Amino acid sequence: MQIAQEFTFSKRFPHLPLVGAAFSGKQSNVIPLSFGFPAPELLPVKQLSSASVTALQTQGKEALQYTGGIGQQKVIQWIKQRALLRSIEVEDSNIMITTGSMQGIDLVTRTLTDPGDHVWIESPSFFGAIRLFLLAEVQLTSFPIDEYGLRVDLVEQALIDARKNNKPIPKFLYVMPNYHNPSGVSLSVERRKKLAELAYEYNFFVVEDDAYVELSFSGKYLPAIYSFGPERVIYLSTFSKIVAPGIRMGWTITDKRILEKMKMLKSDGATSVFVQEITSQFLSNMDFDRHLNQLIHCYRSRRDAMIQSINDYFGDNVSFIIPDGGFFIWLTFPNDVDTTGFLQQSIDRGVSYIDGRHFYFGNVETNHLRLCFTYCNEEQIRKGISWIADSYFEYKKKFDVLGGGV
């Protein structure tokens with residue numbers, strides 16, 4: 001039997017731990033407040049089953065070919081109509097369907113950058129995007145957020161400094177404007193306008209990742225950054241949060257010249273034309289607003305249950321901004337707390353969360369953690385929060401005994 005020699009793999013892989021659905025380990029009895037998943041009981045299984053049958057019966061011969069059937073165009077038309085709620089007016093040629101919004105981020109990054117180019121991000125930011133940028137071998141710089149979203153004033157100062165001192169201007173700035181992952185905050189309209197103005201003035205792109213935009217608990221929608229700068233903004237969104245993540249469909253809206261280059265890099269060709277056919281049947285034959293309202297009603301109730309539980313079990317030991325939509329609450333502890341320090345104890349008790357260090361590049365802040373309120377029911381949420389609190393106070397007591405304080 002031959003023994004394989006040691007093989008040298010690509011050096012591009014970042015030295016970062018994997019973070020994802022399996023974060024809580026393999027224990028089936030753990031309450032997964034770490035999961036950024038939709039509510040399983042609200043997944044439209046029956047409707048998608050019916051849509052699948054209809055797609056096969058009416059468009060099967062076309063939908064199962066490489067090029068697909070009419071469903072692709074119907075999906076594009078639906079996206080165009082929903083985009084109007086964000087003050088986005090585009091032609092069909094400005095829209096491309098992607099295999100999830102992560103593929104959109106990947107294609108944008110490979111289209112706009114070469115290794116060594118500069119990309120600016122929020123701090124904190126979505127860990128999946130951070131990993132993707134590092135795999136693209138770009139140079140990352142991060143800027144803080146507050147209750148109104150990205151500190152665009154600091155971005156402007158950095159751009160002024162870069163131009164004055166002949167430093168690199170970023171190829172793009174990545175931002176999540178609505179119900180930010182992980183913080184839950186939304187970017188103010190004033191900052192959206194300013195960011196678009198800066199993109200024109202300094203000749204860079206804004207990559208607007210709007211994955212959670214439909215999940216507005218107030219029913220109100222702010223204009224997209226794209227609406228203030230269509231030549232300098234690339235808009236991304238997804239069906240994962242409003243239909244099902246398993247269909248793996250997202251979309252990109254941008255200048256057709258950019259889409260042409262992205263399509264050249266899209267190695268899978270057209271995103272599953274059969275799934276597009278199913279999705280078009282689903283969207284055409286159901287009351288989407290009713291479906292969306294069910295999601296919003298459930299998620300708003302679960303958010304409120306989580307807020308109440310945090311207040312009950314943590315009191316004034318933590319702070320957070322109440323999100324007006326989306327999936328997440330971002331807990332902030334005193335500066336000397338490291339939330340990794342009581343993660344394993346929480347899992348041992350039966351609950352998981354994601355410690356905040358994974359959402360940073362550069363200046364890592366360790367005193368945060370992310371909780372998802374959409375996947376678990378209210379009873380699980382309350383129980384899970386109580387166990388995290390127990391773990392935290394046990395951790396805090398240990399440090400107090402040692403004289404270090406927390």
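**Aromatic pairs**

I looked up the aromatic pairs and got a count of 30. I paired rings of Phe, Tyr and Trp (its six-membered ring) if their centres lie within 6.5 Å; planes under 30 degrees apart count as stacked, over 60 as edge-to-face and the rest as tilted. I took F37 and Y375 as one entry: their ring centres are 5.6 Å apart and their planes stand at 85 degrees, so I noted the pair as edge-to-face. F37 is in the loop between β1 (31–32) and α1 (45–63), and Y375 is in the loop between β13 (368–372) and α11 (378–402), so this pair ties together parts 338 residues apart in sequence.

The model is a predicted one: local features need pLDDT of at least 70, side-chain atom pairs count only at pLDDT 80 or more, and totals for chains, interfaces and linings use all residues. Residues are numbered from 1 along each chain as its sequence is written, and side-chain values use heavy atoms, with hydrogens and water left out.

I then checked cover. Buried means under 20% relative accessible area, exposed over 50%, and partly exposed in between (1.4 Å probe, protein chains only). F37 is partly exposed at 31%. Y375 is partly exposed too, at 26%.

I turned to F133 and F172. Their ring centres are 5.6 Å apart and their planes are at 65 degrees, so this pair is edge-to-face. F133 belongs to helix α4 (residues 127–135) and F172 to strand β6 (residues 172–175), so the pair ties together parts 39 residues apart in sequence. Helices (H or I, at least four residues) and strands (E, at least two) are DSSP runs, numbered from the N terminus. F133 is buried, with a relative accessible area of 0%. F172 is buried as well, at 1%.

I also found a cluster. Ring pairs link F314, F333, F342, Y353, Y392, F393 and Y395.

**Charges over rings**

I looked for charges over rings, with NZ of Lys or CZ of Arg within 6 Å of the ring centre and within 35 degrees of the ring normal. The charged end of R86 sits over the ring of Y221, 4.9 Å from its centre. The charged end of R232 sits over the ring of F205, 4.6 Å from its centre.

**Strands and sheet**

Which order do the strands of the open sheet follow? I read β2-β9-β8-β7-β6-β3-β4-β5, 8 strands with mixed pairing. β2 (95–98) and β5 (149–150) are at the edges with a single partner strand each, so one side of each has no neighbour in the sheet. Two strands pair if DSSP finds at least two bridges between them.

Within this sheet I followed β6. Strand β3 (residues 118–123) pairs with β6 in the parallel sense over 3 bridges. F172 turns up again here: this β6 residue is the bridge partner of V119.

I moved on to strand β10 (residues 328–332). There, 4 of the 5 residues are buried. β10 pairs with β13 in the antiparallel sense over 5 bridges. The bridge partner of T332 in β13 is H368.

**Salt bridges**

How many salt bridges does a search of the whole structure find? I got 17. Each is a side-chain nitrogen of Lys or Arg within 4 Å of a carboxyl oxygen of Asp or Glu.

I opened R82 and D289, whose side chains meet in a salt bridge at 3.3 Å, N to O. R82 lies in helix α2 (residues 71–83) and D289 in helix α9 (residues 288–314), so the pair ties together parts 207 residues apart in sequence. R82 is buried at 12%, whereas D289 is partly exposed at 43%.

D106 and R110 also meet in a salt bridge, at 3.3 Å, N to O. Both lie in helix α3 (residues 101–112), 4 residues apart, about one turn of the helix. D106 is partly exposed at 24%, and R110 is partly exposed at 39%.

R303 and D304 form another salt bridge, with the closest N and O atoms 2.9 Å apart. R303 is buried at 11%. D304 is partly exposed at 38%.

Last, I noted a network. Salt bridges that share partners join R82, R86, E214 and D289.
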